[in-house]
Amino acid sequence: MPFVFSWLLNGLYLLLITAVAPILLYRRVTAGKYRRGWNEKLTGRLTRQNPERLCVWFHAVSVGEVLQLQKVLDETLLRFPDAELFITVTTETGYDVAREKYARHTVSFFPLDFSWAVGRALTEIKPAAIVLVELELWPNLVLTAKRRGIPLILINGRMGAKSFKGYSRIRPVMARLLSCFDVLAVQAETYAERLRTLGAPADRVTVTGNIKFDRAESNRANPKTEELRRAFHLDPAAPTFIAGSTQDPEEACAIDAWQGLRPQFPQLQLILVPRHKERFEEVAELVRQRQFRLVRRSEVMAADVPQDDDAAGTDEPVIRLLDTIGELGACWGLADIAFVGGSLTNRGGQNMIEPAGYGAAVLFGPNTWNFKDVTEALLSHQGARVIRGPEELRETVEELLKNPDEMRRMGEAARQFVATQRGATERTVNLIAEVISSRGDDRLLPVDEATKKKTFWLVLKTALLALVLIFIGRRAYQLWEAAPPQQIRIHFGWLIAAAGCYLVSWLPSVWLWRAMLVGMGQPLDWWTALRAYYVGHLGKYVPGKALVLVIRGSLAKEAQVNPLLGGVTAAYETLIFMATGAAVSLALAPIVFPATMEGWWPGQQEGIGKSPFLFPGLVAAATLATTPLSSWLFTRLGRKALAAQMPSTEKAPAITAGLISQGVMLTCFGWGLQGLSLGCVLQSMSEVPLQVAQFPVWLAACALSTVGGFVVLLAPGGIGVREGLLIEVLKDQPQIGPTVALVAAGLLRVVWFVTELLGAAVFWFAGRGPQSKE
């Protein structure tokens, strides 16, 4: 049952990735995102530095969670000095910060929650425990770790009201996942109660406090803060207003407030810190449009860069922009008044603990549900204020500047509150150490159960394959034993003909894929297309059809084709191939299964009926009706993604619509060749010539079995499913029967596999030489 659930999840993930692939492609080309880590994410190939040592796996999603881990990692190393700490992150910015902050540890991208990826990752890492920060409940990872006996620990856990409401709708699933954890350490009793309500075992839920309080610095004279003060040329005697972790339009609100207060407070200094690095340029342009002078941290990073002394001691309006990652914590130490962003928008707030720790007067908007406990505590200690909008922000900053004693009182109240909340890190690390130590020395490196299981299934599959081959060989020997030599040559000739039909049957699909890419301005030549297609097709023999598309996209890169676009177009070609096969199967169903199909369509009489083209026509119309939608999605998103670099993509909609229509017809031709391939295999086992009238049966059998193998993801490449469907179609046909159907199914698989292997080898080596350019 867990196996079935995991592969159902895999199917859902693949559908989701296919749906958002054009968006990812667009963001990759236009914003430079999603370019790194795909090998680790898709395959789970994570490499340790010291495989012989005890390993603890920590996972943090992005920058905020990465920074939280610093003291936890330090304390864990004090308890286990010989351990290797393996850190995974999801986002690219988080990865960059982790590599910079934790250079002594192993840092990698987190694998996507496919069963094969997380299984491979666990096999490679062999963790003594997995530590997840805040709330990371990936089902395949959690369930696989539980099955392998690897402890799961949640630290600094929290669950907002919105998340709780959503998770409550799937309470049985949440209860199953939460019960897999050995420890659920949360920030506050509110979160603990929500986890218990969702089904978490009460004895495993512990309130440890928020580890962000332990990380909060209180010394404004620390080296990093002083470095920023010098880089920005701030006047220590002048008040500083910082708007940090901001989103659009919060920067504009801060600028408006600062600009409106300058006539009264000309020495007021403003620093802007956008939440996401993708918006650094946008905010810089906003400052320029307001015609203020801009000082960017990224331009004064190196000590040998000459700095502009005009930024200090001048009446010219200057706005500082902190456009780096990982320095906001130190920057809050410069603030007299701190506005914490994400609170005037629907973000739900950001971390206000750091500015409170420095003793700044903390301001935030009304939308802080992600930090409800912290905001309520700060407000109850009178260490913060809520502002409802841009005008109230300006009024509150003005009030505090006019009343410095109140500003200092607010800051001191916030600082004292933070000081009373420290100690969560020690409590958290105590729980981690207790879990690891309780496993005993003989279990510090868990037994690789996955390897045993994989070996068992490999042996079982090999044994079954051997039995099938023995059966096929015996049957073939019986059929050919009494035949004269020339007759044996004829039998093998039919098999060679079957291989040839199958090999040629893929050419329409190769043509369609290449034509799509050429129409999008991608320079894919025929040799590279054939090589990528045939080699990539071998990927279907492993779990996960997506690997076929990944291999094809990667190999097409040799011809300067965008690999992600190569994979996306391969996905569309595969969808056309599958849809055409499904249409062929349904259209021929009244002929192949006359009794079963009786009554399905009007005018049917004695199997085939008076209107034999009505049902196939409806199926074909339904299939072709999806063409405009597919064409629109493919061309619109692909054209936007590449318009800046390839002006020819403006013609893509018309080109692609025509290609898809032609592709449907050509793919039908390919299916016909596959049907002939099956007919040749059947003829190789029969001394009586088969009837040409049986061609629709062969064609339907091939189409139905192949499409079934694509749809059903419970076996690698659909092996077993395809053979079963093939046998089901053939077993009741004249001159065939169940025995010949079984042999034909196995023999056809062997012929197809050998053909694909030889085709891949031929085009692989042919593609390495001089290529024919069109």
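This briefing describes selected helices, strands and individual residues of one protein model.

The model is predicted, and local features are given only at a pLDDT of at least 70, side-chain atom pairs count only at pLDDT 80 or more, and totals for chains, interfaces and linings use all residues. Residues are numbered from 1 along each chain as its sequence is written, and side-chain values use heavy atoms, with hydrogens and water left out. Helices (H or I, at least four residues) and strands (E, at least two) are DSSP runs, numbered from the N terminus.

- Seven strands form an open sheet in the order 10-11-9-8-12-13-14, with parallel pairing, where two strands pair if DSSP finds at least two bridges between them.
- Strand 10 (293-296) and strand 14 (384-386) stand at the edges with a single partner strand each, so one side of each is left without a neighbour in the sheet.
- From one strand to the next, the twist averages 20 degrees; axes are lines fitted to C-alpha atoms, for helices over the stretch in contact, and angles run from 0 to 180 degrees between N-to-C directions.

- Strand 1 pairs with strand 2 (residues 84-89) in the parallel sense over six bridges, and alanine 60 has valine 89 as its bridge partner in strand 2.

**Two helices**

- Helix 3 (residues 63-79) has 17 residues and reaches 25 Å from its first C-alpha to its last, close to the 24 Å expected at 1.5 Å a residue, the expected span being 1.5 Å times one less than the number of residues.
- A kink of about 35 degrees in helix 3 is centred on glutamine 70, the bend at a residue being the angle between axes fitted to the seven residues ending there and the seven starting there.
- Buried residues of helix 3 include Val66, Leu69, Val72 and Leu73.
- Helix 19 (residues 424-438) has 15 residues and reaches 21 Å, close to the 21 Å expected, and its buried residues include Thr425, Thr428, Leu431 and Ile432.

**Two buried residues**

- Leucine 322 lies in the loop between strand 11 (318-321) and helix 14 (328-331), and this leucine 322 is buried, with a relative accessible area of 0%.
- Although 49 residues apart in sequence, leucine 322 and valine 273 are 5.1 Å apart in space, C-alpha to C-alpha.
- Glutamate 354, in helix 15 (residues 353-358), is buried, with a relative accessible area of 11%.
- The side chain of glutamate 354 makes a polar contact with the side chain of arginine 215 at 2.3 Å; a polar contact is a pair of N or O atoms within 3.5 Å, where within protein one must be able to donate a hydrogen and the other to accept it, and residues adjacent in sequence count only if both atoms are side-chain atoms.

Conventions:
Buried < 20%, exposed > 50% of the residue type's maximum accessible area, 1.4 Å probe, protein only.
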